[in-house]
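Welcome! Take a moment to look over the sequence and the 3D picture, and then we will walk through them together.

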Amino acid sequence: MSSPRPKSPRTPVLPKKEEKEESIWDKLGTIGRKKRIKEVQEVQAEGKHAIDSPGSPTAPEVPPEEYSLLDNEERAIIEPKSLEDPRVKELIQVLIDWINDELAMQRIIVKDISEDLYDGQVLQKLLEKLTATKLDVPEVTQSEEGQRQKLAVVLRAVNKVLFGSTKPAQKWSVDSIHSKSVVSILHLLVALARHFRAPVRLPENVKVAVLVVKKETSPGMQLSHRSFMEDITTTYDDLGMKCERDAFDALFDHAPDKLQVVKKSLITFVNKHLSKVYLEVTDLDTQFHDGVYLCLLMGLLEGFFVPLYDFHLTPQDFDQKVHNVSFAFELMQDVGLAKPKARPEDIVNLDLKSTLRVLYNLFTKYKNMP
């Protein structure tokens, strides 16, 4: 049995001191303190009103750290309510899990994308892992200036990889990343994940409410603000690994009507064999993602029994599904088929193009099999 969770120490309750009779000087002092407290509260309220209002009765909440801006300086932040959006939370968690998987051998664990990535250290390690190169930067930098210099080198390398140029990117910069802008960090990580075809499925069409705060030079030095919706992700149809363009790329891009014909032919093919064990496929988009039908189909096509202990008949999580698809890929190569043009994670992540490539590979070899 695990030991009980330790509790934080509580402040001891001290016995009350005996109350003594309040003198006239005590009363006058109390009145003076109350007056000063009231004046402070009034000043705070007036300052908050100046910050919150260009007249909007529903002005967004501006975090205190945004108050210290230079004249005419502006800063973009995610409105706090957007960070509570389940889809935004899902996107952040998917990206964190991806980074942690990539850097697992280096024992680097990211828990917070803004706190753990702003200084460039983790971004450096991630880019080095993805590109199999080594950046010429100090391993550890303590000073803020050192962090910014290192981050500048890392971001130039990132921009070179993504855009072929070291010129500053529009959606992120040294200033925005180092100031822990979640918007900029999300844009950067999504761009890296998309470019390197990370074996993850990013939530599509994720938007966040962005608040841009600017310190005006007008009398009173008020903060003005404006809000807008920012697209972080969009709709993707190329989740799988990068490979040479093939017929499926052409079908997705130019002939969606013919794509339906291909899908219908593949459904007919797999059901011809799965029906022998009383199984039926009605939706290619989803029914192969856990690897179970792929494993059974390989046994039926080659005429051997696939031991149930070699795969998970009712997979419960992502890892078990990846295991199933990986095992099916091994069976395909064992019988002489070419290595699939897909990663197991692509199939599990419901990448239709990858699924069709794998099934069409089977169809080509076994289409005439009774």
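## Gln-124 and its contacts

Leaving aside neighbours within four places in sequence, Gln-124 is in contact with Leu-135, Val-137, Pro-138, Glu-139, Lys-150 and Val-154; contact means heavy atoms within 4.5 Å. Gln-124 belongs to helix 4, residues 121-131. Helices here are DSSP runs of H or I with at least four residues, strands are runs of E with at least two, and both are numbered from the N terminus. Is Gln-124 buried or exposed? Gln-124 counts as buried because its relative accessibility is 0%. The word buried means under 20% relative accessible area, exposed means over 50%, and partly exposed lies in between (1.4 Å probe, protein chains only).

Before going further, please note that this is a predicted model, in which local features need pLDDT of at least 70, side-chain atom pairs count only at pLDDT 80 or more, and totals for chains, interfaces and linings use all residues. Residues are numbered from 1 along each chain as its sequence is written, and side-chain values use heavy atoms, with hydrogens and water left out.

## The whole chain

Let us step back for a wider view. The protein chain has 13 helices and three strands. Of its 370 residues, 40% are buried. Among contacts in the chain with a separation of 6 or more, 62% are between residues 24 or more positions apart.

## Helix 4 and what follows

Why is helix 4 described as largely enclosed by the rest of the structure? Helix 4 is described that way because eight of its 11 residues are buried. These buried residues are Val-122, Leu-123, Gln-124, Lys-125, Leu-126, Leu-127, Glu-128 and Leu-130. They pack against helix 2 (86-102), helix 3 (113-117), helix 5, helix 6 and helix 7.

After helix 4 comes Ala-132, which has a positive phi near 55°. Val-137 counts as buried because its relative accessibility is 10%. Val-137 touches Gln-124, Lys-150 and Val-153, not counting residues up to four places away in sequence. The C-alpha atoms of Val-137 and Gln-124 are separated by 8.6 Å, and the two residues are 13 apart along the chain.

## Aromatic rings

How many aromatic pairs does the structure hold? There are four aromatic pairs. Rings of Phe, Tyr and Trp (its six-membered ring) pair if their centres lie within 6.5 Å; planes under 30 degrees apart count as stacked, over 60 as edge-to-face and the rest as tilted. Phe-269 and Phe-363 make an edge-to-face pair, 5.5 Å centre to centre with 85° between the planes. This pair links distant parts of the chain, with Phe-269 in helix 9 (residues 256-274) and Phe-363 in helix 13 (residues 352-366), 94 residues apart. Phe-269 counts as buried because its relative accessibility is 4%, while Phe-363, at 21%, counts as partly exposed.

Phe-288 and Tyr-293 also form an edge-to-face pair, at 6.0 Å centre to centre and 85° between the planes. Both Phe-288 and Tyr-293 are buried. Phe-269, Tyr-360 and Phe-363 form one aromatic cluster.

## The largest pocket

Now look for the largest pocket, which holds about 570 Å³ of space. A pocket is found on a 1 Å grid over the protein atoms alone, as an open set of points where a 1.4 Å probe fits, with protein on both sides within 12 Å along at least five of seven lines; lining residues have an atom within 4 Å of a point. Grid points are joined across faces, edges and corners, and the volume is the space filled by probe spheres set on them.

The lining has 23 residues, and Glu-74, Arg-75, Ala-76, Ser-176 and Ser-184 lie nearest the centre of the pocket. Strand 1 (74-78), helix 5 (144-163), helix 6 (174-178), helix 7 (182-195), strand 2 (207-215) and strand 3 (223-231) each supply at least two lining residues.

## Two loop residues with positive phi

Most residues other than glycine have a negative phi. Asn-205, in the loop between helix 7 and strand 2, has a positive phi near 55°. Leu-350, in the loop between helix 12 (344-348) and helix 13, has a positive phi near 65°.
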